[in-house]
Amino acid sequence: MMEKKKYKLGDYEFDTYEEYLEAQEDLKKIDLITEEVDINDVDVAARLYTRIRNKEIVFHSKVGINFFMYLSDIVANHSMLMVEEKKAQEDLKKKNNKRAKKYRLAGVICVLAAAVCFGYFAYTDYLEDQSALEMKRLQDMQNMTGHYIEEEAFSEQPENEKAVAQAEEPDQSDQPKKETSDEQKKLPDILPEYQEIYAENEDLVGWLEIDGTVINYPVLQSDSEENSQFYLTHSFAKKKDKNGSLFMDYRNDFVDRDTNIIIYGHNMKSGAMFGTLKKYLEKGYLEKHPKIRFDTIYERGTYEVIGAFLSEVSYQDEYTFRYYNFLNANNESEFEAFCVNVMQLDALKKGTLDAKYGDQLLTLSTCSSYTDEGRMFIIAKRIE
């Protein structure tokens, strides 16, 4: 097998030409900065660190990330020197004033706490940048044409980050049992654009993309109810990540296609994952973003958004409609019953759901702060 070409820039090595170009752009920014200012000056380094952290200066490659970490080290080292100097001064006073010992200790603790907090935030920023680079790498692998979706501006106030998406508590009594085991199924070939990604994580079931938005992510699925919440707090690489991942309801069968596939994602303040899904509640947004591309690893699919809805989690002893328990319609009556019930949650006041028995539905679900345990979701039907 021919060895995959590597692109080099100094001591750095890149897997794709796009990463190489991004590294070149970052290097130009760094050269411009170092020509204008002395980055070894602590005040200058601190200002640059703050601007990069606030996204006033943006880097897209590991060249830029390493530059950011170098600035972090300069500021952190200076903080530690201040701690040492402070401690030395307090030690000199120790013999003459025992009473001052408590105050000196408190001062040292405060400075140390500040240094620890600074290091923590720098490390958190580093992890977030690494997570973004990892997602960009996956998008490059999936995107065979080299087209990238541009991020849109977020105009409204972000949701509380505590409002997280969850795969809701299933009502197993409503769901028909599937008699065909995974081992008995003759699976089709995985699409070319997903073969390498699937080789990295066999929980991959597809890819979700909404043109003109930041939603452009792999979709994963846990293999059991016990693991159903795993990707709520883990990345594609199965590492702890507050953004989590997009994940399909563990009960869904995407091979012998269920009537309704449900995909969950966090409603992040940054807009990541399903953080922009709430925009479908705004007037005119659906008309500008009517199409969803959802590919399973075996087939491509295009869907049309037909409604946006608001709901809330129900307790087990409450007799109420749970949209997240509709996976299959065994007949036309069951499908029509779902349509009637879900329109009671209609946020756009459309009146009817443009769907009929036999349509393949896709539900994207996230949290909403409009009420306690609130949920917001959109429904789309397959058109291609």
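Val 219 stands opposite Leu 246 in strand β5. The two strands concerned, β4 and β5 (residues 246-248), pair in the parallel sense over two bridges; strands count as paired if DSSP finds at least two bridges between them. Helices (H or I, at least four residues) and strands (E, at least two) are DSSP runs, numbered from the N terminus. The model is predicted: local features need pLDDT of at least 70 and side-chain atom pairs count only at pLDDT 80 or more, while totals for chains, interfaces and linings use all residues. Residues are numbered from 1 along each chain as its sequence is written, and side-chain values use heavy atoms, with hydrogens and water left out.

Strand β4 also pairs with strand β3 (residues 204-209), here in the antiparallel sense over five bridges. Glu 209 stands opposite Asn 216 in β4. Six residues lie between the strands of this hairpin, and Gly 212 takes a positive phi near 80° there. Five of the five residues of β4 (residues 216-220) are buried, so the strand is largely enclosed by the rest of the structure. Buried means under 20% relative accessible area, exposed over 50%, and partly exposed in between (1.4 Å probe, protein chains only).

In the chain as a whole, the secondary structure comes to seven helices and ten strands. Buried residues make up 45% of its 384 residues. Among contacts (heavy atoms within 4.5 Å) between residues at least 6 apart in sequence, 68% join residues at least 24 apart.

A nonpolar core is a set of buried Ala, Val, Leu, Ile, Met, Phe, Trp, Tyr and Cys residues joined through side-chain atoms within 4.5 Å. The largest one has 66 residues, of which Leu 208, Tyr 280, Ile 292 and Leu 364 touch the most other members. Leaving aside neighbours within four places in sequence, the contacts of Leu 364 include Leu 208, Ile 263, Phe 274 and Met 376. A second, separate core of 20 residues includes Phe 14, Ile 30, Ile 52 and Val 63.

Helix α1 (residues 17-36) has 20 residues, which at 1.5 Å a residue should span 28 Å; its end C-alpha atoms are 29 Å apart, which agrees. The expected span is 1.5 Å times one less than the number of residues. The buried residues of α1 include Tyr 20, Ala 23, Ile 30 and Ile 33. Seen down the helix axis, the buried residues of α1 fall within an arc of 155°, so they line one face; the arc is that of the directions from the axis to the C-beta atoms. The face turned away from the buried side carries the exposed residues Lys 28, Leu 32, Glu 35 and Glu 36.

Thr 16 is found in the loop between β2 (12-14) and α1. At 18% relative accessibility, Thr 16 counts as buried. Not counting residues up to four places away in sequence, Thr 16 touches Tyr 7 and Asp 140.

Asn 328 is found in another loop, between β8 (302-312) and α7 (332-342). The table gives polar contacts, that is, pairs of N or O atoms within 3.5 Å; within protein, one must be able to donate a hydrogen and the other to accept it, and residues adjacent in sequence count only if both atoms are side-chain atoms.

| Side chain | Partner | Distance |
|---|---|---|
| Asn 328 | Asp 258 side chain | 2.8 Å |
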